[in-house]
Each structure stands twice: as C-alpha cells, then as structure tokens.
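Here are a few exercises on charged pairs and strand order, each with a worked solution. Have the sequence and the model open beside you as you go.

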Amino acid sequence: MSSVETSGDSATEAPRDEVADPKLEVVVLPVSDVDRAKSFYQGLGWRLDADFATGPDFRVVQLTPPGSPASIIFGTGITSAAPGSIDALQLTVSDIDAARGQLIAGGADVSEVFHDAGGVFHHADDEARLSGAAEGHADYGSFASFSDPDGNGWMLQEINTRLPGRVTGARFDSPAELAQALDRAKDAHTEHEQRTGEADADWPAWYAEYMVKEQTGEELPT
C-alpha cells in the first residue's frame, strides 16, 4: 500500500479506492428544555430512538423524522451551542402542502408555502420570499419554514425529481410517495403505448426503469 507523505500535522492521504463513504447520520440540536423538545418532535410523528442518561449532567435523546436516514440528537451536556442557534435545517418532501398540513396538525407553527425571488435557494430570514409554491411546483423551488420551541429553524423543500448525480437508486419514504411515483409512471407508460400503438407486456420493467430514472435525474424512457 502506498501513501503520500505530507509535512506538518496533515494526515496521510489514503488511496482513493480506500477512502470511506461518509454519510450524514446525526444533527445535534441545542435546546434549553429537553423534555419540551422531546414532546415537540414526538408530536410531529418523529420516531424516538433513544433517551438515556448517566446522571443529572448528561442525557441523550435521539429522534428520526419518518423515512429519514439522518436523525437529530439533543439533551444535556452534549453541546456548548446556545439553545435555538441552529437555523435552516432542511427536510425534503414530495408534497409540500401535505407535509405542511401534517406538521401543523402535530403542533408546529409553519409558515405559508413560498418560493424565492431569485428562483434558486431561499435567502436568510424572510428576505426575497414570494408567496406560494414555485411555478408548476418545480423541484427544489418551494419552501415552508418552522421552528422548535427553542427557535431552532427548519425548512421544508419540495423535491420529486433530483438533478443528475444526486442519487444512485430509487428510494420511497412512504406508501403515499411510492403510490404517487407509480401514478406518474402509469401516465407516462400510457403515452408510451399510444406512441408505439401496441400493448407493452413487459410494463413492470418499464415502470421500474421510469421510477428509478425519475429519481436519479436521468433521461426518462419514452
């Protein structure tokens, strides 16, 4: 095995094929009242993964949003950040109006759906917000915001078809999301059969190809 020597305190560079594949797993939130924060996030329907303490000065609570590969952790003695100092953590959803309604039903005070005047990503605070979803609910363009009881800020962003290279396979975080993807594949397949003028006996494979390519941003089958 070879390595590249560097000066000072720099780490030895590992060969490219041996570099780990890091994945964002946990975001630590600073909160002032652990039980209040726990109640808030559980009220949103987030799964409680852990709640343990080794004493009055150390407690760890972990929760995970439905279908999310990443979790949040808060507690006592785990961060020196000021409570409520985290801003604009992002939750990606396939239907921003439905997601907003669910959060409100769970007790969150959620903003109206908005899009950014620049048409790219949202600005800080309320700057450049335009009311309503992006035109045609364009992917990456529609947002809504809310905060937990300490003021840690969250953003919803609506995405259904990702830009090329963002994902390598299809993933559906709920039966409803899968059903919506199947409906889109069904409509596209109907147009495919109309173009070819014949029934497609291998439609399951066509559906599968369409749904994967839609999520990965590749050119869709016709």
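The exercises below concern a predicted model, and they go from salt bridges to the sheet.

**Exercise 1.** Find which residue pairs with K38 in a salt bridge, and say where the two partners sit.

*Solution.* Start with the side chains: K38 and D51 meet in a salt bridge, at 2.8 Å from N to O. K38 belongs to helix 1 (residues 34–43) and D51 to strand 2 (residues 47–55), so the pair links distant parts of the chain, 13 residues apart. Then turn to accessibility. With a relative accessible area of 18%, K38 is buried, because the cut-off for buried is under 20%. D51 reaches 31% and therefore counts as partly exposed.

**Exercise 2.** Is R100 buried or exposed, and is E112, its salt-bridge partner, buried or exposed?

*Solution.* First check the contact: the closest N and O atoms of R100 and E112 are 3.1 Å apart. Then locate the partners: R100 is in helix 2 (residues 96–105), while E112 is in the loop between helix 2 and strand 6 (114–116). They are 12 residues apart, and this pair too links distant parts of the chain. Now compare each value with the cut-offs. R100 has a relative accessible area of 17%, under 20%, so R100 is buried. E112 has 56%, over 50%, so E112 is exposed.

**Exercise 3.** In what order do the strands of the open sheet lie, and which strands stand at the edges?

*Solution.* Read the order first: 4 strands run 1-4-3-2, with mixed pairing. Strand 1 (26–28) and strand 2 stand at the edges; each has a single partner strand, so one side of each is left without a neighbour in the sheet. From one strand to the next, the twist averages 20°. Now look at one pairing: strand 3 (residues 58–64) and strand 4 (residues 71–76) are antiparallel over 5 bridges. V60 has G75 in strand 4 as its bridge partner.

Technical notes: Residues are numbered from 1 along each chain as its sequence is written. This is a predicted model: local features need pLDDT of at least 70, side-chain atom pairs count only at pLDDT 80 or more; totals for chains, interfaces and linings use all residues. Side-chain values use heavy atoms; hydrogens and water are left out. A salt bridge is a side-chain nitrogen of Lys or Arg within 4 Å of a carboxyl oxygen of Asp or Glu. Helices (H or I, at least four residues) and strands (E, at least two) are DSSP runs, numbered from the N terminus. Buried means under 20% relative accessible area, exposed over 50%, partly exposed in between (1.4 Å probe, protein chains only). Two strands pair if DSSP finds at least two bridges between them. Axes are lines fitted to C-alpha atoms, for helices over the stretch in contact, and angles run from 0 to 180 degrees between N-to-C directions.
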